[in-house]
2 protein chains.
Amino acid sequence: MEKMLPKTGKYEFMAEPFHCDFSNRLFMGHLGNAMLNAADFHSNDRGYGMSYLNGLHKTWVLSRLAIEMEEMPTAYDRFSVETWVESAMKFFTSRNFAVTGPDGRTLGYGRSIWAMIDTETRQPVDLLAVRDGLINAYVERDKACPISKPSRVRMDKEAPLVHSLDTYYNDIDVNGHVNSVKYIEHVLDLFDLPWYRLHRLQRFEIAYVAESHQGDRLHFYREQTGEDEYGVRITKGTDDEVEVVRSLIRFAKD
Amino acid sequence: MEKMLPKTGKYEFMAEPFHCDFSNRLFMGHLGNAMLNAADFHSNDRGYGMSYLNGLHKTWVLSRLAIEMEEMPTAYDRFSVETWVESAMKFFTSRNFAVTGPDGRTLGYGRSIWAMIDTETRQPVDLLAVRDGLINAYVERDKACPISKPSRVRMDKEAPLVHSLDTYYNDIDVNGHVNSVKYIEHVLDLFDLPWYRLHRLQRFEIAYVAESHQGDRLHFYREQTGEDEYGVRITKGTDDEVEVVRSLIRFAKD
C-alpha cells in the first residue's frame, strides 16, 4: 500500500495578470481551471489520479461543479486551493474545494462531482474497485464546505435561444472533447462588459450532461430564474438538438 | 539605484493538462501567455515593469511576437522561459525568449517588440526616459536568439475573408482591450483538428496594429504565402474595416 498522505491537499496558484478580467479580478474560468488542477494533483499524489488510471484505460470525468465566491483574487495574488474528497460511492465521488487569499482569508468554496469511465467504452465503471477502494481511505468527513450542493437546474422548455457558436481547435482537450473550462467561458460570455461592471458573479454551477466535439455547433438558451439569477442550457446539433450542459449563474450587486 | 540583477531572468512554468491540445502538447496561446508572464516578471523585478509604470500612467504594449518551436512541452512538463532585453531604443525595445524542457534541452525561441505608451493619451512615450534609461543597463548583447526577427507580413489586398467573430467578456483584459493571447487562439482556430493532426505549428508571428474592444466584430482574411505557410489579417468594424492584427503561421510536417 502507498504511503498515506493527509486527506486534504493544498496547492498554490497565482492570479496571472492575463487571466484577469477588466476589473483586475481572476476570470471564473481560470479559477475553475485551478480547481481542476488541484483535483488532478491531489488524486495523482494519492494513487488514483489520471496518471495511474490511464494505464487501466479509465479516467475521471467531471460531472458537476459549483463555485461560490465572496471575493475573487486580483492580479498577481497568490492564492491556495485546498481540496478533499467528501464522499465516494460506486459511481460518483464528491470533492470539495476551499480558496484562500494571500493573507489566509477564505475567499470562497467549490463543490464537484466526478464519475469514472472506461476510456474505450465511455461507460461508467465502479470507482471503488480501483486499488481496492483506496479512495475511501481518503474520505474527509470533518471538514466543512459551507455552500449548497450543486442543484438540479430547472429550466423552462421555452427558454429563448440567445446565442450559437461553433467550436474550434482551442476548445478541444486531450480527450477530443470540448474542454470543461471553455464551457464556463462560453456561458459567462452571454453577459456583457456593462453587466459585469454592475454585477459580481457570486455563484456559478455547471452540469456536464453529454460530450461535444470540434465542429459541433453549440446553442445557448437562457432564462431568468430569480433576481439576478439565470439558468443556461447548451445544446449541440442542428435538427436534433441534444443537451450537453446546464448551468446556473447567480450575481450579486455589491 | 536599485540592486542590479542578472540580465537574463529564468521563470518556471508547467504545461497544465487543460492547457494542452488533443495531442497532449501545450497550446501555442498558453506558451505565448507564459512568455508574456516571463516578460512581466522580468521587467517588474528590474524596476521598469507594469507595477512601477502604473504609478506614472504608463504601460508596456506588445507590438510584435514571433515564436519558433522545435518541440512543444507536453502535459505536466515543467519548462522554463528565459528572457532578456536585446536592445532598447527611444520608442521600441526588443526582448527575446528561450524555452527549455524538463531535461534542459532547448525547445524553441521567441522574439518580441514592445512600445511604451501613456495610458491616458494612448500615445507612445520615450522608454529611455524611465528611471534614467535603466533598461539600457540590462541590455544583453551576448546571448543568441537563433530565429529570424518578426517580419513584415506581406498580404494581398484580395486575400479572402474566411471567418468573422464577435468579441466577448472573456476576450477582454484589464486594459479593456482584446487580450493579446486571445488573438493567437482566434488565428490558430482558423485551422481545424484534422489539419493539426497532420501539421505541427513551427513558427508563429503576430503584429498588433490597433486595439479592439468588447463587442467589436473581428474579420479574418487568410492567404497562403508559401508551402504550409499562411498570412492572416484581422480587421474590425463593418463598413469601414480597420486592420488590428497581422499574423504569419508556418507549419511543418514531421
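Trainee: Which residues of chain A does the UniProt annotation "domain: Acyl-ACP thioesterase N-terminal hotdog" cover?
Mentor: The model is predicted, with local features needing pLDDT of at least 70, side-chain atom pairs counting only at pLDDT 80 or more, and totals for chains, interfaces and linings using all residues. Residues are numbered from 1 along each chain as its sequence is written, chains are lettered from A and ligands numbered from 1 in the order written, and side-chain values use heavy atoms, with hydrogens and water left out. The annotation comes from an unreviewed UniProt entry; such annotations may be inferred rather than shown by experiment, with positions in the numbering used here and feature names shortened.

Trainee: How far apart are the end C-alpha atoms of residues 157-232 of chain A?
Mentor: The unreviewed UniProt entry annotates this span as "domain: Acyl-ACP thioesterase-like C-terminal". The span is 20% helix and 38% strand, where helices (H or I, at least four residues) and strands (E, at least two) are DSSP runs numbered from the N terminus. Its end C-alpha atoms are separated by 11 Å.

Trainee: Which strands of chain A hold Glu86(A) and Arg111(A)?
Mentor: The side chains of Glu86(A) and Arg111(A) form a salt bridge at 3.2 Å, N to O, the term meaning a side-chain nitrogen of Lys or Arg within 4 Å of a carboxyl oxygen of Asp or Glu. The pair links distant parts of the chain, 25 residues apart. Glu86(A) is in strand 3 (residues 78-88), and Arg111(A) is in strand 5 (residues 106-118).

Trainee: How much area do chain B and chain A bury between them?
Mentor: The contact (heavy atoms within 4.5 Å) takes 35 residues from chain B and 35 residues from chain A. Phe18(B), Tyr169(B) and Asn170(B) supply 23% of the area that chain B buries against chain A, more than any other three residues. Buried area is the accessible area (1.4 Å probe) that two parts lose on being put together, summed over both. Carbon and sulfur atoms account for 55% of the total, which is about 3,600 Å².

Trainee: Which element of chain B gives the most to the side that touches chain A?
Mentor: Between the chains there are two salt bridges, and Glu185(A) meets Lys182(B) in a salt bridge at 3.5 Å, N to O. The elements of chain B that give two or more residues to the side touching chain A are helix 1 (28-45), helix 4 (180-188) and helix 5 (193-198). With six residues, the element that gives the most is helix 1.
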